Amino acid sequence: AEELMIRSEKLSVAGQLAAGIAHEIRNPLTAIKGFLQLMHGEIEKDNQYFEIIFSELNRIEMILSELLMLAKPQETVFEKANVKTILREVVTLLETEAILRNIVIEKKFSDEIQEVVCDKNQLKQVFINLIKNAIEAMPNGGTVTISTKSENFSIVIEIKDEGEGIPKELLERLGEPFLTTKEKGTGLGLMITYKIVENHKGTIDVSSSEKGTVFTIKLPKQKTVL
Ligand code: ADP
Ligand code: MG
C-alpha cells in the first residue's frame, strides 16, 4: 500500500508539471506550424523534408494534448451515469477504426442497472485508452471483448484482447509516463487511465499472457434508490 501511495503522489506531481509545460509549448508550436504551412506554398516542388517536419510537429502536438489531459482531473464534474451507455458511446466512436483493422468489438454487458458516480468525459477517456491499446495489440485483427458485471459494491468492467500480451518486465512498469513500445506511441495513455480510475476511487488490474491481455476496472457502485 505504501508503494502504491508513493507512486500516485509521483503521478500527480509529474502530471501538474507536465500539463504546465505542455501549455507553454503549445502556443509557439502553433505558430511554427502556421508559418511552416505558409512556407510550404513558396517551396518549389514537393519537399520531402517538409513532410517529415510536419509529421513530427503533429506528433509533438499529440503528446501535448495527452499531457494536457493530466491537468483536467482538477476540474472534475461528478454525476450519476450509466456505465453501459458510456461504453456504447465509446464503442461507436472506435468502431470504424476497428473494422478497418479487421477487429470485432464484442459487447457482453450485464442486464442489471449499472450506475456509477463519475466524470463522464474522464471515464470515456479511460475506456478509449484501453480499447485503443487492445486494438493496437492485434495488428492482424481479432476480437476485443468488453464485458460488464455487478458485484455487491462495485461495477466491474473488463476489456480483453487477443494480442501478444505484455512481457513481465513491462507489466510491472505500466503507468509510468512515456513508457511505450510503439513507434508512434506517447506512453501516456495508461498513466492518464490509472490516474482517472484512482480519482474515481476505483481499481484497475491487468493480467496478461501470450494469448492476450485483460484490463479489469472496478468502480464503486451507485446504489439505486427506488
Ligand atoms: P502507448 O499506447 O502510447 O504506447 P500506453 O500508456 O497506452 O501508451 O501503453 C503503454 C504500453 O503498454 C504500450 O506501448 C504497450 O507496450 C503496453 N500495452 C498497453 N496495453 C496493452 C495491450 N492491451 N496489449 C499489449 N501491450 C499493451
Ligand atoms: Mg495507448
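Author: Helices here are DSSP runs of H or I with at least four residues, and strands are DSSP runs of E with at least two, both numbered from the N terminus. This is a predicted model, in which local features need pLDDT of at least 70 and side-chain atom pairs count only at pLDDT 80 or more, while totals for chains, interfaces and linings use all residues. Residues count from 1 along each chain as its sequence is written, with chains lettered from A and ligands numbered from 1 in the order in which they are written.

Reader: Thanks! What is the mean pLDDT of the protein chain?

Author: Happy to start there. The model scores ipTM 0.99 and pTM 0.78, and 88% of the chain's residues reach a pLDDT of 70 or more. On this scale of the predictor's confidence in each residue, from 0 to 100, the chain has a mean of 87.

Reader: Which element gives the largest share of the shell around ligand 1?

Author: The ligand is surrounded by 20 residues (C-beta atom, placed from the backbone, within 6 Å), and the closest are Ala 137, Thr 180, Gly 185, Gly 189 and Leu 190. Two or more shell residues come from each of helix H4 (120-136) and helix H6 (189-199). The largest share, three residues, belongs to H4.

Reader: How many residues of that shell around ligand 1 are charged?

Author: Asp, Glu, Lys and Arg count as charged. The shell holds eight nonpolar and ten polar residues. That leaves the charged group, which numbers two.

Reader: At what angle do the axes of H3 and H4 cross?

Author: Helix H3 (residues 83-100) meets H4 through residues including Leu 87, Val 90 and Leu 94, with Leu 123, Phe 127 and Ile 131 among those on the H4 side. The contact residues divide into ten nonpolar, no polar and five charged. The two axes come within 10 Å and cross at roughly 35 degrees.

Reader: What is the bridge partner of Ser 208 in E7?

Author: Strand E6 (residues 203-209) and strand E7 (residues 212-220) run antiparallel, joined by seven bridges, and a hairpin of two residues links them. On its E5 (residues 154-160) side, E7 also pairs in the antiparallel sense over seven bridges, where Ile 159 stands opposite Phe 215. For Ser 208, the partner in E7 is Thr 213.

How values were computed: Pairing = 2+ DSSP bridges. Axes fitted to C-alpha atoms, helices over the stretch in contact; angles between N-to-C directions. Contact = placed C-beta atoms within 7 Å.
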